[in-house]
Amino acid sequence: MEKSFAAIDREIGEHNFSPAEYAIVRRVIHSTADFEFKQLIHFSPGSIEGAITALRRQVPIVTDVSMVKQGVVSSVNQSFGNPLISAVEQAQSALAGKTRTETGMLKCLQQWPDAIFVIGNAPTALLALCDHLTTTSTLPALIIGAPVGFISVIESKAALAELPVPQIRVEGRKGGSPVAAAILNALIVLAWGEGERG
């Protein structure tokens, strides 16, 4: 990993990321070998600091799908031991007109409204989350919005961008479970007090 990070440091070129932002961007590039993420990742003001505080407070982490959960479970267990919940696993069946992941996400939002929400796969779950957050006073500690694909993906990220909620967002069609997991894993490393050297 150190050799890979060194290679990324050599190749990334000029950027204006803070050390903490760069630690996250670098881990995403490491997991994808795709330097375009340098242009795609957006951080809302204070999102990293708020996420670090939330992680240290052991706020629950809600992922959209099991693959994202599997990508972070080791880091979570070796650090702060936050409760880790996969939304799709919370819904035995889908509500009418909704997907199982969307149904599970709404259930999780009701139960853990101030959680860290990590979406790497399901734009429907992100859209449902954004829709409900327009009418609630309790905001999540962070939303990582990184679904991947062609249907509703750009729309879901645009909906997230309109919300005054702490967020780390991957613009465009790119993203995916490995990207979402990489962002959260990088935040855990930062919260644990390592990786501060951008």
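Which residues in helix 5 meet which residues in helix 9? Let me start there. One caution before the list: this is a predicted model.

On the helix 5 side we have Met67, Val68, Gly71, Val72, Ser75 and Val76. They meet Ser177, Ala180, Ala181, Leu184, Asn185 and Ile188 in helix 9. By type, the residues of this contact divide into eight nonpolar, four polar and no charged.

Now the geometry. Helix 5 covers residues 66-78 and helix 9 covers residues 177-191. Their axes are 8 Å apart, and the packing angle is about 20°. Angles under 35 degrees count as roughly parallel, so helix 5 is roughly parallel to helix 9. The crossing of the two is right-handed.

Look at the spacing in those lists. An α-helix has 3.6 residues a turn, so residues three or four places apart point the same way.

Stay with Ser177 for a moment. This residue lies in helix 9. Is Ser177 buried or exposed? Buried, with a relative accessible area of 5%. Leaving aside residues up to four places away in sequence, Ser177 touches Val65, Met67, Val68, Gly120 and Asn121.

Helix 9 has another partner, helix 4, residues 47-56. Here the angle is about 75°, and the axes are 9 Å apart. That makes helix 4 roughly perpendicular to helix 9. From helix 4 come Ile48, Ala51, Ile52, Leu55 and Arg56. Facing them in helix 9 are Leu184, Leu187, Ile188, Leu190 and Ala191. Note Leu184 and Ile188. They are listed in the contact with helix 5, and they are listed in the contact with helix 4.

Next, helix 7, residues 123-133. Which of its residues are buried? Pro123, Ala125, Leu126, Ala128, Leu129, Cys130 and Leu133. These buried residues pack against two helices, helix 6 (100-111) and helix 8 (153-161). They also pack against strand 4 (116-119) and strand 5 (142-145).

On to charge. Side chains of opposite charge can pair when their charged atoms come close. How many salt bridges does the model have? The count comes to six. I will take three of them.

First up, Arg26 and Asp9. Their closest N and O atoms are 3.1 Å apart. Arg26 sits in helix 2 (residues 19-32) and Asp9 in helix 1 (residues 2-11), so the bridge ties together parts that are 17 residues apart in sequence. Arg26 is buried, at 8% relative accessible area. Asp9 is partly exposed, at 37%.

Then Lys174 and Glu36, at 2.7 Å, N to O. This pair links distant parts of the chain, 138 residues apart. Lys174 is in the loop between strand 6 (167-170) and helix 9. Glu36 is in the loop between helix 2 and helix 3 (37-40). Lys174 is partly exposed at 30% relative accessibility. Glu36 is partly exposed too, with a relative accessible area of 38%.

Last, Lys98 and Glu102, at 3.7 Å, N to O. Lys98 is partly exposed, with a relative accessible area of 32%. Glu102 counts as buried, at 12% relative accessibility. One more point on the bridges: those that share partners join Asp34, Glu36 and Lys174 into one network.

To close, back to helix 9. Helix 5 packs against it at about 20°, and helix 4 at about 75°.

Conventions:
Residues numbered from 1 in each chain as written. Predicted model: local features only at pLDDT ≥ 70, side-chain atom pairs only at ≥ 80, totals over all residues. Heavy atoms only, no water. Buried < 20%, exposed > 50% of the residue type's maximum accessible area, 1.4 Å probe, protein only. Helix = DSSP H or I, 4+ residues; strand = E, 2+ residues; numbered from the N terminus. Contact = heavy atoms within 4.5 Å. Axes fitted to C-alpha atoms, helices over the stretch in contact; angles between N-to-C directions. Parallel < 35°, antiparallel > 145°, perpendicular 65-115°, else oblique. Left-handed = near helix turned anticlockwise from the far one by under 90°. Nonpolar A, V, L, I, M, F, W, Y, C, P; charged D, E, K, R; others polar. Salt bridge = Lys/Arg side-chain N within 4 Å of Asp/Glu carboxyl O.
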